[in-house]
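Have a look at the structure first.

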Amino acid sequence: MSQNEVLAELAEKIFGEKAKKIMILLSNHVEISDDEIAKELDMDQAELRKILNDLFEARLVKYRRARDENIGWYKYYWRVTDEPLEVLLNDRKRLTLTILEKLLSLEEQAEIYVCPSCGARYSVVEAEDYGYTCPNCGEVLEPYDNSKRIRKIREAIHALKNYEPIASSGS
């Protein structure tokens with residue numbers, strides 16, 4: 001699988017099918033304006049720009065800004081990132097591990113209550129504030145055993161720590 005194919009798959013996993021289509025289109029051009037992308041993919045400009053900005057924040061795309069001499073506004077030309085795939089994937093792995101470890105810490109320290117009717121979860125403070133009654137449906141809140149959730153988070157952390165996105169033989 002080529003680097004551009006991997007980046008398109010990653011974009012889809014993070015941001016959805018439209019992001020993948022954008023990445024595929026970008027990989028077929030050296031660079032292309034957001035106006036041209038919107039026309040080729042028949043997408044709303046605002047939605048396209050949001051996805052492009054998300055892809056930029058994830059370092060999957062880059063842009064060049066140039067002033068349009070006719071109207072004086074800036075035009076943006078987008079391209080697939082030139083960062084090494086290994087660096088991007090390892091950074092994503094590190095970010096995901098950080099999030100999972102924070103979530104694990106919260107779950108281990110939290111006393112959770114759940115509504116048996118609608119399934120809404122509440123911290124002990126929230127449950128006390130609501131008088132141990134669900135504000136959505138009025139049912140009495142019950143203590144929630146989150147040991148399965150903690151186990152699953154630990155398993156995910158373990159699996160991710162042992163996962164190497166790209167084999168050391170190179171890509």
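## Cysteines

The sulfur of Cys 118 has its closest cysteine sulfur in Cys 134, 3.7 Å away, which is too far for a bond. A disulfide here is a pair of cysteine sulfur atoms within 2.5 Å.

Cys 118 is partly exposed at 40% relative accessible area, and Cys 137 is partly exposed at 36%. (Buried means under 20% relative accessible area, exposed over 50%, and partly exposed in between, with a 1.4 Å probe and protein chains only.)

## Where this comes from

This is a predicted model, where local features need pLDDT of at least 70, side-chain atom pairs count only at pLDDT 80 or more, and totals for chains, interfaces and linings use all residues. Residues are numbered from 1 along each chain as its sequence is written, and side-chain values use heavy atoms, with hydrogens and water left out.

## Helix α3

Which residues of α3 are buried? They're Asp 34, Ile 37 and Ala 38. Seen down the axis of α3, they fall within an arc of 100°, so they line one face of the helix. (The arc is that of the directions from the helix axis to the C-beta atoms.) Their cover includes α2, β1 (32-33), α4 (45-57) and β3 (74-80).

Note on methods. Helices (H or I, at least four residues) and strands (E, at least two) are DSSP runs, numbered from the N terminus. Contact means heavy atoms within 4.5 Å.
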